[in-house]
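Here are a few friendly notes to read beside the model. They cover confidence, the core and the aromatic rings.

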Amino acid sequence: RLRHIGPSGGRRRRPAVGMWLFGDSAASPCSVRRASAVPMATEQSAGSGRGTVARLVLLNMLERDRLCGGQREDLEYVLSVLEELDLEVRHTGKSADASAKQRLTKAESELDVNTQRYLLSFAWKGRTHHSLRCVAKGVLFIVRVRRCLKMPARPRLATKLHFDTRVQRVMDRLWSWDDFDIFLASSVTAEQPLFHVSLAIFEQRGLINAFNLHMESLLNFLREMERTYLANPYHTSMHAADVTQALHLILGQTEFPELELLASLFAAICHDAGHPGVTNDFRIMSGDECAITYNDRSVNENMHCALTYRLLKKRECNFLDGCSPEQRRLIRKMMISLVLSTDMSVHFAELEKLKAAKEASGPDATKWENSDQALKVALHAADLSNVCRPERLVRRWADLVLQEFFEQGDRERSMGRPVSPLCDRHAVSQPDSQVGFIGYIVRPVFEALADVFDVAVPLGNLGSTVEMWTQEIRRAKEAEETKKLGATCAGQAGRSLVEYGRRPPGVGSEPQRAGH
C-alpha cells in the first residue's frame, strides 16, 4: 500500500496511511496502525537497507513540532514496528514473513491443508528476494515523504471567526431571546443575516471542528443558500436566520449528539429555501409544477429539501464532504424529516406523537431511543417563534406575515377563487388573528416542549404578546363603541332638531320667557 502513496493534491483515493501522512484527519489512528504494520513488514525487509532509511525519516518527522498528539503516537508505533522487525531479522537472519510461514508449516499436525492455505493467503507470498522495481518504488516512497516534510502543513480550520465590530456585537447576543434583533442583524450584515447568523452559531457550538467541515465550502453553501430565498414580505432569509437562532436557543445546552445538533441547525437554515410566498393549498389549486412533482403532499417543504441537496451537489458548496458516508446519510434523513414536519397540515399529528413519546419514555429526549420527534417539534416551534420576541419585534413580524397573506388573497381574488383564511385584507383583524393563532397553535407547541427543553423565556414572552394583542382588541372595541355612541347621539340630535323645526310658531316660547 505504501508504494501507492503520492503527493497531496491527487484526485484518486489513497490508502489510509497516505491520507494520514499528508494531513487528512479522516484516517483514524487505528486505520493507520492496521495499514502500516503489514506493508512495513513486507517492504522493509532484511538486508535491503531501506528499513534503516525509513527509520531515519520517521525520527526526522517525530522531531517536527507541527505533529498533533495522534500523529505522533502513530509514528512512534510505526517506528517500533520497524525496530522489532529489524531485531527479529538480525537474530534469525530471516524475514518476518518467512518466520511466520515457517511457524505455520510446523503446525501441519494441528491444521488441515485448507486452513493453512487460508491463513497463508493473507500476506505471506513466499517472496524472500526483491526485484529492482521494488527497490526503486521504495526509494520513490522515501523521496515523496521527504518532499512532504518540506511542504507547508495543511491549514487547520479556524477556531475563532472574525466579524466586523458592529456585526460581532449582534452575534454576541445569539444566546438571548430578548436582546437579539434580527432586523438589526440584517441591517449590519448588508442584508445577509442567514450567512452570518448560521456561521456564528456553527462556530459557537464547535460544529465546524467537530465534523472537520471544509470552511470554504461552508461559506459558499451559506452564501448560495441565502440567495435561494426570494424577496417575499415574510418568507425571506431574515426569517430563516431568525428561525435558526430560535432553534439554537431551544436546543440550548442539551446533551444531544453533535450529529443531531448539526442536522437540526442545517434543517433550520434550509427550511424555507426558495419559498414562493404562497401556501401549499394555493400551489395545489394552481396545479403548478412542484405540486405535480410532489403529488400535492407538503409541496413547499419537499421543494425546500430538494433545492438544498441540489445545492450540495455542487462540489464547491458540499461542506459535508468531510463527514463519513454514514454521517451524510443520517444528516440527510434527519434534515428531510425535520423540514417536512414544518408543514402546518401535520401540526396536530406531530404534537400528538411528541406527547406519546414523552408518556412512553419520559421527558428527557436525550435518553430516547429516537429523539427525532423532539427535534421535529423543536424546529416547528422555532418556525412559529416570532410571536415569542419582544413587542417591538412581534409587531414588525405580524405586519410582514399579514402582508404576505394579503398579497396571496389579492391574487386569489383576481383569479376568481375563494380567498384563503387570513388572506382577505378586507375582513381580517390583525389582533384577533394573532390571539387566535397563538392560543390554538403556538402556545400548545411550546407547552408540549416545556418539560423537554428550557422554553420558559419564550413562554413568558408569549403571555406578554397575548396581553398586548388583547389590549389592542379591547381598545378597538372601545373605539368602536365610542364611534357607535357618537353616531347614535348625532342621530338623536338630528331628529330633535327636525322635530323642533316642525313645531308651530310660538310653541314652546312661553316657558322659556317664564323661566327667563
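1. pLDDT is the predictor's confidence in each residue, from 0 to 100. Over the chain it averages 79, and 65% of the residues score at least 70. For residues 1-48 the pLDDT is below 50. It also stays under 50 over residues 150-159.

2. A word on conventions: this is a predicted model, where local features need pLDDT of at least 70, side-chain atom pairs count only at pLDDT 80 or more, and totals for chains, interfaces and linings use all residues. Residues are numbered from 1 along each chain as its sequence is written, and side-chain values use heavy atoms, leaving out hydrogens and water.

3. Rings of Phe, Tyr and Trp (its six-membered ring) pair if their centres lie within 6.5 Å; planes under 30 degrees apart count as stacked, over 60 as edge-to-face and the rest as tilted. The whole structure holds seven such aromatic pairs.

4. Phe256 and Phe453 are stacked, because their ring centres are 5.8 Å apart and their planes at 25 degrees. Phe256 and Phe453 are each buried.

5. Ring pairs also join Phe221, Phe266, Tyr309 and Phe319 into a cluster.

Key
Contact = heavy atoms within 4.5 Å. Buried < 20%, exposed > 50% of the residue type's maximum accessible area, 1.4 Å probe, protein only.
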